[in-house]
Amino acid sequence: MTSKLSSFPGGLKLAGHKKLSTQTAIQKPPLSKKLILPLQQHIGAASSPIVEVGDKVLKGQKIARADGHVSVYLHAPSSGTVSAIDDHAIPHPSGLSALCITIETDGEDRWIERKPIPDFTAVSEHEIRQLIREAGIVGLGGAGFPSYIKLNPGIHHHVETLIINGVECEPYITCDDMLMRERSSEILDGLEIMQYALGVKRCVIAIEDNKPEALSAMELALASRTFKNTSIVVIPTRYPAGSEKQLIQVITGKEVPTKGLAIDLGIICHNVGTTYAIGRTINHGEPLISRIVTVTGKHVNKAGNFETLLGTPMHELLAFCETERKADDPFILGGPMMGYNLSGDHLPVTKTANCILVGVDDAAPATTPMPCIRCGDCATACPAGLLPQQLYWHARAKDLEKTQEYNLFDCIECGCCSYVCPSKIPLVHYFRFAKTETMNQQLETEKSDIARVRHENRLARQEAEKQEKEERQRQRKLALAASKAAKEKKAAAAASSEPESEEQ
Amino acid sequence: MLTAILAITLLALIFGLLLGYASIKFKVDGDPIADQIDKILPQTQCGQCSFPGCRPYAEAIAAGEVDINRCPPGGEATIQALADLLEVEVKPLDNECGIEKPKTLAVIDEDRCIGCTLCIQACPVDAILGAAKQMHTVISDECTGCELCVAPCPVDCIDMVETEVNPNTWRWPDPARIELQVGENK
């Protein structure tokens with residue numbers, strides 16, 4: 001692509017700290033004895049288990065099926081026995097537990113029969129999507145939205161451009177960078193399949209200019225192929241250029257509308273990791289059972305990228321990287337800007353776990369915030385063009401309606417506003433709070449509306465029953481009166497006829 | 001002088017007719033204020049406000065007969081919303097009616113249920129399923145946690161259980177409250 005790039009408002013230039021974890025090639029940590037697989041590792045409905053405790057499973061075997069449209073399958077990452085299906089702590093900002101399938105591995109790592117598709121153009125787009133769904137592939141950039149849905153624009157939309165997101169703008173994280181350096185050809189394999197499934201005209205691979213090695217590897221791989229209308233575009237390094245909406249703005253100059261989706265502009269965005277996973281699924285018949293995780297930070301002696309089986313407990317991965325985690329170290333899943341603190345390290349690696357950070361200097365400090373001085377730096381930094389200060393006042397006052405007026409749900413939670421705030425106000429935390437409160441309130445309203453209708457129906461039914469009863473009673477009274485009258489008449493008739501008979 | 005009087009009288013007559021026609025033509029059915037109040041109330045139909053359900057309470061508030069602080073299930077948030085709507089002062093919850101409690105759901109201990117149907121008759125939202133001499137159960141999605149089924153049960157087999165938070169229903173804690181706590185600790 002030669003056209004000029006556009007840009008998005010705000011954003012930050014951040015120190016990358018990426019070299020920490022790019023010194024070694026992608027490694028494979030040893031197989032864990034126990035793999036813990038949460039049934040919900042994606043956006044949407046949790047998968048439902050299709051195995052029972054005690055079942056023997058093979059590597060790549062389905063262990064849970066998709067439950068509904070926005071859901072995917074889950075697979076055994078290694079061979080072994082299902083030892084438990086119960087609640088286990090999962091990586092989540094709440095620190096709560098959720099239903100997980102635990103597999104005791106047998107060490108054999110025996111695959112189930114794999115069915116690669118030698119020529120994907122021989123199968124329909126629909127079948128490709130189903131295969132991707134059954135392979136459990138979700139967006140590996142961090143959100144975890146089922147990928148097959150994003151490959152199905154539907155009849156109302158036409159996809160013009162496919163953007164492959166290799167921007168990876170957040171500091172410390174390098175899993176996409178290393179993937180592009182080492183497996184560029186397989187990323188292109190996946191890209192070919194996606195182009196086929198979407199039927200797109202144009203494809204753009206976006207890479208930030210702080211990854212020259214990844215860029216040259218991808219260019220080299222692309223040069224050796226005969227791809228039509230596919231180009232690599234170098235994006236200037238600025239956080240959060242890797243966020244979908246911001247990336248679209250940089251590449252096309254168009255802004256995704258409020259409450260709209262990228263598809264409304266005829267654009268679909270997929271992460272490079274997802275693209276790679278799709279290539280593995282179709283060309284090798286391998287479902288999503290592992291992902292590349294960056295383990296980095298001040299206290300990680302052997303920082304790097306690790307192709308980790310899903311369900312591997314984090315403490316084992318940390319031990320493999322010779323990590324000395326101190327109790328008060330920031331321990332973050334994701335990057336320093338958007339990640340969240342983990343409650344402990346006995347948590348499994350999931351599909352969306354792109355980076356484990358142990359000890360960083362620039363993570364949000366836990367100091368008491370100072371009052372807002374209305375400097376406006378947050379509004380300058382906001383890449384979504386929102387007014388964080390106004391949102392903050394209304395979120396703080398719990399005036400949720402007002403936060404809607406200021407488009408709270410357009411906030412991408414990138415953390416730029418909190419980062420620049422001189423008073424160290426945890427702005428993003430306020431916005432997340434306001435978002436979950438709003439969603440909860442909507443849910444409550446829906447529930448109370450249902451309760452009102454049910455109560456009204458009940459009252460109406462009781463009223464109808466009462467009237468029916470009264471009607472029945474009235475009928476019975478009438479009938480009784482009628483029969484009484486008839487009897488009396490009969491008696492009277494009998495009485496009047498009796499004297500007659502007497503007379504006779 | 002006479003023309004002026006005539007003109008004014010005529011105008012008054014025309015406008016009077018116009019207003020009279022409008023009041024018939026654009027008549028609003030029901031009480032819109034009561035509807036708005038009813039929308040704010042949590043629809044538990046628990047009767048803790050001493051009215052038989054949310055709607056009668058909403059109508060009483062709209063008529064100015066009672067205070068806005070008589071709804072324990074709605075708690076502070078409902079009082080705040082009502083005060084905003086009616087432009088009156090926020091008042092603390094009336095303790096006579098009850099206290100604000102975390103949301104609960106009724107759960108029937110099915111081993112002990114004798115199938116008397118008393119709870120079914122008490123439930124204001126038809127959230128209990130069962131028949132005479134058959135075991136009853138609560139449709140948990142429909143239960144409003146009003147506790148009206150607890151008292152009629154002759155064998156005390158209904159418990160009010162706090163709804164458990166799972167990662168999907170979890171909400172981010174209020175940062176303002178955390179700030180306050182940090183400030184107090186210092």
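Is the crossing of α2(B) and α3(B) left-handed or right-handed? Keep that in mind while you select. This is a predicted model.

**Stop 1: the helix pair.** Select residues 32-40 of chain B for helix α2, then residues 54-62 of chain B for helix α3. Their axes come within 8 Å. They cross at roughly 130°. Angles over 145 degrees would count as roughly antiparallel, and 65 to 115 as roughly perpendicular. α2(B) and α3(B) are therefore oblique to each other. The crossing of α2(B) and α3(B) is right-handed.

Now show side chains. From α2(B), pick B:I33, B:A34, B:I37 and B:D38. From α3(B), pick B:C54, B:R55, B:A58, B:E59, B:I61 and B:A62. These residues make the contact between the two helices. Colour them by class: seven are nonpolar, three are charged and none is polar.

**Stop 2: the domains of chain B.** Zoom out. Look where they meet: five residues of domain 1 of chain B contact seven residues of domain 2 of chain B. On the domain 1 side, four of the touching residues are polar and one is nonpolar, with no charged residue.

**Stop 3: chain B against chain A.** Bring both chains into view. Chain B puts 23 residues into the contact, and chain A puts in 22. Colour the chain B side by class again. There, 11 residues are nonpolar, six are polar and six are charged.

Terms used. Residues are numbered from 1 along each chain as its sequence is written. Chains are lettered from A and ligands numbered from 1 in the order in which they are written. This is a predicted model: local features need pLDDT of at least 70, side-chain atom pairs count only at pLDDT 80 or more; totals for chains, interfaces and linings use all residues. Ala, Val, Leu, Ile, Met, Phe, Trp, Tyr, Cys and Pro count as nonpolar, Asp, Glu, Lys and Arg as charged, and the others, Gly among them, as polar. Axes are lines fitted to C-alpha atoms, for helices over the stretch in contact, and angles run from 0 to 180 degrees between N-to-C directions. Helices (H or I, at least four residues) and strands (E, at least two) are DSSP runs, numbered from the N terminus. Angles under 35 degrees count as roughly parallel, over 145 as roughly antiparallel, 65 to 115 as roughly perpendicular and the rest as oblique. A crossing is left-handed if the near helix is turned anticlockwise from the far one by less than a right angle, and right-handed if clockwise.
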